[in-house]
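Please look over the sequence and the model shown below before turning to the briefing that follows.

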Amino acid sequence: MMTRIVRTAYLGLLVLATGCDGWTTPSGPPASLDAELRQSLSRWGTVPIGPTPVQPPALVDLGQALLFDKVLSGNRDIACATCHNPVTNAGDGLALAIGTGGSGLGPSRTLGPGRQFIPRNAPTLLNTGLGAPYLFWDGRVSNLGFGGGGGGAFQTPAGNQLPAGLPTLLAAQAMFPVMNRGEMRGVPGDHDRFGNPNELAEFADTDFVGLWQAVMQRLLAIPEYVSKFNTAFPGTPTSQLGFQHAATAIAAFETQALTRTDSPFDRYLQHDDAALTPEQKRGALLFFGDTARCASCHGGPLLGGQTFANAGVPQLGPGVGSGAPLDFGRGELFNQEFYRFAFRATPLRNVELTAPYMHDGAFPDLEAVLHHYNDVPRALREYDASQLPSALQPMYHGDGATLSAVLTNLDGRLTQPLRLSEVEISELVAFLKALTDPSARDLTSLIPVRVPSGLPVQE
Amino acid sequence: MTRRVVSLSVVLLTVAATAPAQTIPIQTVPLVPADQFDIFPSYTLAMGGVSIALRDTLHDPFVNPAKGARVRAARFFASPTLYHVSRDAGAGRTLPLGVLGRAGSWFGGLAVALQQVDASHPPSRSLNTPLPFAATADPSANSVVPSPPNLSPAPDTHGNALAFALIGTTLPGSGVSLGGSVRWAKLRALDGVDLLYPGSARVNQYGETVDARLGLLKEWEGDRSFEAIVLHERFRMTHDVTFLDTFWNPGTQQFFQTPRLERNRDFSKRWGAQVKYERPLPEPGWRIGLLATANRTSQPNTPNTDLLNIPQDPGLSNAYELGVGVSRASGPALFGMDVVYQPIWSTTWAEAGAPTATSGGKVIPLGGRTIENGFHFSNVLFRLGFSHEVVQSVTRTVTLQLGFLVRSVHYNLAQRDFVEVATRRLEESWAEWTPTWGLSLRHPEFELRYRGRVSHGTDRLVPPSDVVFGVADARPIGFFPPSAPASTPSGVHVVTHQFSISLPLR
């Protein structure tokens with residue numbers, strides 16, 4: 001009798017046990033914020049930035065002079081640093097940049113007579129030396145060209161006119177602002193600040209080689225530049241120097257002086273759990289998690305720079321190319337129609353310092369950006385142009401057709417509201433502010449006292 | 001830096017697993033404890049481990065050294081033991097050899113064991129082969145980063161060595177036996193520890209554990225007995241964990257990796273006591289046993305893993321056990337059953353490794369508590385076993401054994417997070433099911449035994465099988481570096497086989 005009872009009990013338990021394979025695993029106590037966050041970071045490949053290679057001092061010195069020297073512009077009235085000024089954290093603080101003919105610096109810069117705004121925001125030069133694969137808002141300079149550039153590595157608007165020997169994509173990018181009529185070159189008939197004809201404006205827009213040679217003639221006419229070039233490129237005879245050498249020097253200066261990657265978040269990436277506050281960590285979890293999904297564009301080591309998205313940004317400004325007065329962004333490039341209204345997801349380190357935001361500076365602060373992302377279709381329809389500077393308000397394209405066109409091609413990740421609470425938005429802002437390297441707040445020490453041309457540096 | 005969080009469960013499990021009994025395991029998640037140290041021969045482990053009202057002269061001396069008094073004749077034993085965790089999540093082999101014997105009123109034993117433990121998972125592949133972020137300026141460098149050094153464990157198997165010594169005496173005419181035992185193990189691998197460090201390239205473990213016991217056995221007329229044990233256990237392990245940290249190199253515009261060594265120490269001390277009383281019941285063949293156990297475990301330092309859950313350093317646990325068992329011998333059949341209740345209170349906390357800002361705007365100073373956890377467990381064990389001599393003759397006896405062990409874990413957690421200024425509560429429960437079986441052949445010249453068991457209802461952290469590098473979206477641009485795969489708890493079962501032979505020494 002006893003044996004039967006035992007056998008029955010045993011078989012019953014055995015049957016019960018075999019039915020238990022599909023059970024649900026207890027999760028255990030909640031994972032800590034840090035454990036959860038580090039897992040999310042890993043998911044998006046957000047890894048620390050290694051040290052930037054030290055650039056040759058002579059190259060940096062030459063690059064600094066060139067970046068601040070207005071002699072590179074057709075009218076000798078604007079330098080690279082005019083729109084990428086250390087005072088405004090290597091940007092200009094304007095929604096849309098103001099190119100040649102303008103006056104003043106930073107947010108108070110004004111248009112010159114008969115000029116119009118540059119169609120896009122002047123992005124900061126901070127951390128451009130880290131190696132993003134696309135540069136410019138539409139990514140028209142890229143190193144995914146698979147042999148499309150003159151050097152065999154970069155894809156640029158110059159096609160096979162791009163000279164060989166450019167060491168980095170940033171150097172390749174530095175070849176182009178001097179080509180842009182609105183930004184630096186000027187238009188035929190312009191006269192420079194001294195009343196002399198602007199010879200650079202006379203070249204055809206497709207004559208990259210001719211223009212670059214002309215800019216170099218200007219530079220090499222200044223003995224101090226000849227000396228600086230010879231020091232920076234000791235193995236290159238003066239007769240062999242081209243604008244690619246100038247661009248290389250500018251890129252070296254940008255890399256050396258404007259790489260700022262010692263933010264609290266960077267320290268957190270290097271295993272310092274105390275580098276972020278709890279609020280910043282919660283914001284980071286939203287950023288890298290499935291709630292806000294920011295990292296799907298702003299992931300990777302650079303927190304962006306790798307993808308393009310139509311984020312439903314209000315259309316503003318004079319427009320670009322065939323789309324004018326609209327700006328089709330990357331969709332304006334050949335064979336890139338898929339990306340209509342899409343712009344580069346910009347790397348976000350030091351983003352706190354680089355307002356206004358987006359490709360046309362449509363949003364004055366980070367809170368406005370995040371409220372936009374929280375419900376893009378609604379935010380676009382309800383965009384309040386009064387937040388724009390008065391000069392830009394008439395250039396806002398808020399008509400139904402434009403809104404519809406933008407929303408039709410809206411990135412699929414943004415068609416539904418994120419439903420972030422105000423607290424979550426403030427946490428995201430706190431996280432974005434944790435991307436700031438304190439040393440990037442004041443870059444004024446980078447401004448040289450003078451430049452070889454003798455033109456004024458900060459005016 | 002705020003000390004990172006660890007799983008309370010896994011480490012305590014490994015500690016617990018080094019002691020054969022009288023130590024109460026504490027788990028907060030059902031991660032599987034392999035039978036790494038369950039290596040000595042036993043009559044009753046094949047019967048679900050029923051032990052309160054059943055005697056096990058093969059195994060009892062390793063639990064209570066005073067019970068070596070029940071060894072009637074000297075004998076040699078060997079009990080090769082193998083375990084394997086499904087999903088290839090771990091395996092191990094042990095060869096214990098030993099002798100037990102007596103001389104007059106003295107008794108004693110010696111045993112040694114060599115053990116090999118396989119890595120619970122292959123070294124992380126995910127970060128070892130980063131793919132290029134993008135084509136680089138140098139076409140010749142348009143390839144993967146230079147291969148990182150091979151840091152994978154070589155060989156994958158690591159060896160432990162264990163030694164056990166026992167001595168005791170029976171006080172003439174009193175029915176009292178006293179004994180003491182020491183178990184020492186040089187440890188180079190604890191099963192599952194490598195899983196504590198997901199993404200690591202290598203985990204080197206080294207340390208030791210010592211378990212010292214004093215036992216008493218009092219036997220009365222009428223087959224009644226009382227026994228008591230006091231034990232102290234010290235456990236010290238160091239984990240040298242090598243991670244390959246991935247960086248973005250702005251110069252080459254590629255990913256690169258550098259090794260980073262993280263040293264974690266896992267220390268704990270445990271005091272324990274157990275008393276047990278056994279007596280026959282009035283009905284023929286029936287016996288009853290009562291058991292009470294108390295453990296106090298302190299863990300001044302434990303590994304810093306990113307794995308899960310709970311800050312563990314330091315911490316304190318008080319665990320108790322109340323059990324009752326019955327058994328019945330009826331001719332060739334033997335039946336036993338235990339029911340054990342385990343109330344456990346455990347407190348753990350984490351300390352700030354650097355001044356840490358709180359959500360409330362305050363700053364926790366260095367060494368201040370950042371998190372405090374209070375656990376209350378109410379665990380129940382149910383063991384059931386049956387043995388039947390299917391062949392019985394003058395020269396040999398063949399016995400079949402079956403058993404079942406059910407372990408129900410239930411706990412409440414109150415967690416106070418001083419950084420986020422928050423309190424969380426959690427209630428968790430699960431059950432583990434372990435069928436056991438055995439077959440023995442007893443012959444005047446030798447005794448052969450086989451026992452097996454398979455544990456269900458437990459998990460192990462298993463990395464995903466196929467790791468691919470991620471693409472940001474479906475579009476043809478936007479490459480991301482490979483991400484570390486998240487090891488997730490996956491249901492596994494652990495199968496243990498033990499073959500033992502016992503030879504009388506004449």
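How many salt bridges does the rule count over all chains? Over all chains the count comes to 43 salt bridges, a salt bridge being a side-chain nitrogen of Lys or Arg within 4 Å of a carboxyl oxygen of Asp or Glu. This is a predicted model, in which local features need pLDDT of at least 70 and side-chain atom pairs count only at pLDDT 80 or more, whereas totals for chains, interfaces and linings use all residues. Residues are numbered from 1 along each chain as its sequence is written, chains are lettered from A in the order in which they are written, and side-chain values use heavy atoms, with hydrogens and water left out.

**Chain A overall**
- Chain A holds 16 helices and four strands, these being DSSP runs numbered from the N terminus (H or I of at least four residues for helices, E of at least two for strands).
- Of its 459 residues, 60% count as buried, where buried means under 20% relative accessible area, exposed over 50% and partly exposed in between (1.4 Å probe, protein chains only).
- The C-alpha trace of chain A spans about 115 × 55 × 40 Å along its principal axes.

**Helix packing in chain A**
- The axes of helix α11 (residues 278-288) and helix α16 (residues 422-433) of chain A come within 7 Å and cross at roughly 100°, with axes fitted to C-alpha atoms over the stretch in contact and angles running from 0 to 180 degrees between N-to-C directions.

**Salt bridges**
- In chain A, the side chains of A:R218 and A:E199 meet in a salt bridge at 2.8 Å, N to O; A:R218 is buried at 6% relative accessible area, whereas A:E199 is partly exposed at 32%.
- In chain B, B:D223 forms a salt bridge with B:R287, their closest N and O atoms being 2.9 Å apart, and the pair links a loop between β7 (200-220) and β8 (224-249) to strand β10, 64 residues apart.
- B:D223 and B:R287 also belong to a network of salt bridges that includes B:R55, B:D60 and B:K67.
- The side chains of B:E233 and B:R270 meet in a salt bridge at 3.4 Å, N to O; B:E233 lies in strand β8 and B:R270 in strand β9 (residues 254-280), so the pair ties together parts 37 residues apart in sequence.
- B:E233 is buried at 1% relative accessible area, and B:R270 is buried at 3%.
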